Amino acid sequence: MLSSQPLLHAAVFALAVLQALASDTFIAAVYEHAVILPDAADEPVSPNDALALMNKNMDVLEGAIQEAAQQGAHIIVTPEDGIYGWRFTRETIYPYLEDIPDPAVNWIPCTDPTRFAPAPVQERLSCMARNNSMYVVANVGDRKPCNSSDPGCPSDGRYQYNTDVVFDSEGKLVARYHKYNLFRRETQFNYPKEAEAVTFETPFGKFGIFTCFDILFHEPAVVLVSELQVDTVLFPTAWMNVLPFLTAVEFHSAWAMGMGVNLLSANTHNIGLAMTGDGLFTPEGPAAYHYDSETEKGSLLLAELSAHPRLSPTYPPTVNWSLYAASIKKFPGRKDTFLGAVRRDIFTFSELRRKAGNYTVCQGDLCCHLVYRMSNKSKDEVYVLGAFDGLHGSLIKYHWQICTLLKCRSTDLNTCGQPVETAHTKFERFSLSGTFGTNYVFPEVLYSGVQLAPGEFEVLRDGRLKSKHCTSKPLVTATLFGRLYEKDLPHLLRISQ
């Protein structure tokens, strides 16, 4: 005779699958986690101590997963570094790693925990998914032994990878992804020899997955969307915000709109390192997002999303990002440009000296065009139109083309490009465009207080980012981020390994 618990689990799972199959939508969740960090250590801790720290974090994540399940979520994404944090060397992270098999082995760690090497983290994550009848996405560390017959084998005889895992609603391991574009501080991990394009099918669409810094590069990000046609991207991240650009909610929302997919972005929360900002982003804009630079609390977000956004009647049309800007003559009188730095990037700026006007600013092959009218210009605020066409980054260099309507930090033009979160000036209208040399352009508007502007702007098919009406809140930036992947320099850190 079967016990009631397996029957209950089977019934809940069957109901969840039927609900997902009966609808063109699904409920997604992301959790921004304030990670409990290990003490700084010069020597590796014991495996028991490592597991104790990871269990503390998984206790918090399990609470978020249970809450999301109670609200009907079909999938939840948790952050990069969400189980063990950072502060590691190659040696000190080793006790936190597990050998993660290829998902083709058809393994449910929750019900068969001893099939592979001891894997208590995978077992617990699998049980979280199985017990709550939902997909669970987490970021963990994978270790793989190697030997001298492999010319790339590290001297300690193992590869170590920053790894995402996905467990389905039965607790089965269905996806494993090794981060390809490591950030410069991730010296504890190895680069995979080849970029992985990881996808898997669900009852609510085709999913792809990558991690944090990966979003800025052609492989795997563009490959998943443009070539493999995923509907939704899972995105564990530990994103350090860099105002006035590349704030997590700003750029991740822009990327989802520019690429035309759902992006489930789960960020680490650490205000000391300016890490915050997660969301459920769609081709039409953010369905839900969160940004909190004041408290130490985690945050759970849920939203109902289209399972197949390309089939939606509201799916944005194809955009020719340079059509409008390339068709107009340069507006006269723009000899008063000046150079200003956004971190290490040197922009060409022109101050908006009037409450309304037409402006053009050029740099390299990029010309940015702006038509605008301010509705309540503050005397203490200066706005500029800026253009950047060049390589960004220090050790890892990649090519941007950026057009931006930007508020300066003060009336001193030398502050243009410095971090700013607040503003007082609203715009009655604006239209921003550029002569981009790429079709990969990501649009977004950022309001005062690091707030997005869903529904308040549109992208026309000729490449104009245009306000629909007077901005409801003071504006900090309106930006078009263009990526010319083919002009990126070779990845020296990856080559050197």
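Let's call a residue buried when its relative accessible area is under 20%, exposed when over 50%, and partly exposed in between (1.4 Å probe, protein chains only). This is a predicted model, in which local features need pLDDT of at least 70 and side-chain atom pairs count only at pLDDT 80 or more, while totals for chains, interfaces and linings use all residues. Residues are numbered from 1 along each chain as its sequence is written, and side-chain values use heavy atoms, with hydrogens and water left out.

**Exercise 1.** Find how many disulfides there are, taking a disulfide as a pair of cysteine sulfur atoms within 2.5 Å.

Solution. Applying this rule gives 5 disulfides. Next, number the bonded cysteines of the chain in sequence order: the pairing reads 1-2, 3-4, 5-6, 7-8, 9-10.

**Exercise 2.** Describe the disulfide of Cys408 and Cys416.

Solution. Start with the distance: the two sulfur atoms lie 2.0 Å apart. Then take the torsion about the S-S bond, which is about 90 degrees, so this disulfide is right-handed. Finally, check burial: Cys408 is buried because its relative accessibility is 1%, and Cys416 is buried at 1% too.

**Exercise 3.** Work out whether Cys362 and Cys367, joined by a disulfide, are buried or partly exposed.

Solution. The S to S distance of this pair is 2.0 Å. With a relative accessibility of 27%, Cys362 is partly exposed. Cys367 has 17%, so Cys367 is buried.

**Exercise 4.** State the handedness of the disulfide between Cys146 and Cys153.

Solution. Their sulfur atoms are 2.1 Å apart. The S-S torsion is about 75 degrees, so the disulfide is right-handed. Both cysteines, Cys146 and Cys153, are buried.
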